[in-house]
Amino acid sequence: MEKNKTGSEFLHIGNRLLEWYRNNARDLPFRQTKDPYKIWICEIVFQQTRINQGLNHYNNFIKRFPDVKTLAEAEENEVLLYWKGLGYYSRAINIHKAAQQIMNDYQGIFPHEYEEILKLKGVGKYTAAAVSSICFGARMPAVDGNFYRVLSRLFADDFDISNSRAFTYFSELAALVMPENVGDFNQAMMDIGSEICKPKNPLCGECPVNEDCLAFSMQKISDYPVKTKKVKAEYLALTYYFVHRKGQFLIRQRADDFIWKKLFEFPTAIPSDMEPFITGSKTVTHKLTHKNLSIEIWNVEVTSEKQWNDFIAENQYLITDLEGSHEKSFPKPLEIYIQNALKD
Ligand code: SF4
């Protein structure tokens, strides 16, 4: 399947999904309504909560707060009480504020346009697309993790879903298969993603679009979607001693190490009898890929020739000066330090 075909060539995929949805849609209370208030609440409730876990909460919430006005006029504490058990309480605070926003800015009428819905507190692109397409027929794919997974498998597309452009990319891909009834299509994708094209062990044999699925035909389903793992930046504290005397200072070359391989650096320790020569310190921060460094550099101005010579002999440091340092490579923060320390 080549993606550079025109959208209409893939419409049968969207239509097959729709047909499947009409026969297999989960019987959920919010499926019986086009009331944007209820669809909005349901989208927010089920954002981070599984349907069977959140269904009672949703029903109780709608029973107590059946419309925007009731919700807007309620005390925040009561709204939080009805949210109890769902977690992520900022969602409850946001929907309460958004209800007040609808009362104040939209005369209590839920906005119809995608762009307006997007202005409501706590509403992102996915929710705005879901509400505007389901309730008002907007041609907006409600792209979420289900879309990423189903579309990347269908097209065997290796676009990285952790990329910041993934939402736009998969929205464009969705437009290729999107039929006329986008509201139902969005719900079909939600159901297919959670019931059939599951993250693990998808039920390809029961999938209504398995004949069109490239990943399935190549038996490469586990390769999609592609997601590069975010590596958390590691914090690293380093200490250096800028040991100098009469315009000269001491350095050594780093080993083929985990950072700054083969670059030159200052001593990382001094004996206690040299501590009286310390005149101050400076801490600089520096970012490397996956590492945040905090570098403390102590200024050690050695006034004793004997101690200077002993220290060099014992540790086999190299002696250099500002001019000599230009011929060597230092990590950026040390280079800046040298320039500032010796510029006078
Ligand atoms: Fe997902 Fe399998 Fe259907 Fe492809 S055939 S869309 S992998 S369930």
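Trainee: Which residue has its charged end over the ring of Phe 264?
Mentor: That charged end is 5.4 Å from the ring centre, and the rule asks for NZ of Lys or CZ of Arg within 6 Å of the centre and within 35 degrees of the ring normal. Keep in mind that this is a predicted model, where local features need pLDDT of at least 70, side-chain atom pairs 80 or more, and totals for chains, interfaces and linings use all residues. Residues are numbered from 1 along each chain as its sequence is written, and side-chain values use heavy atoms, without hydrogens or water. The residue over Phe 264 is Lys 328.

Trainee: How many aromatic pairs are there?
Mentor: Rings of Phe, Tyr and Trp (its six-membered ring) pair if their centres lie within 6.5 Å. Such pairs link Tyr 240, Phe 242, Phe 249, Phe 266 and Tyr 337 into a cluster. The count of aromatic pairs is 22.

Trainee: Are the planes of Phe 30 and Phe 46 stacked, edge-to-face or tilted?
Mentor: Stacked needs under 30 degrees, edge-to-face over 60, and the rest is tilted. Here the centres are 5.3 Å apart and the planes at 45 degrees, so the pair is tilted.

Trainee: Is Gly 193 buried or exposed?
Mentor: Gly 193 lies in helix 11, residues 182-196 (a DSSP run of H or I, at least four residues). Its relative accessibility is 0%, and the buried class is under 20% (1.4 Å probe, protein chains only). Gly 193 therefore counts as buried.

Trainee: How far apart in space are Gly 193 and Arg 139?
Mentor: In sequence, Gly 193 and Arg 139 are 54 residues apart. In space, C-alpha to C-alpha, the distance is 20 Å.

Note on methods. Helix = DSSP H or I, 4+ residues; strand = E, 2+ residues; numbered from the N terminus. Buried < 20%, exposed > 50% of the residue type's maximum accessible area, 1.4 Å probe, protein only.
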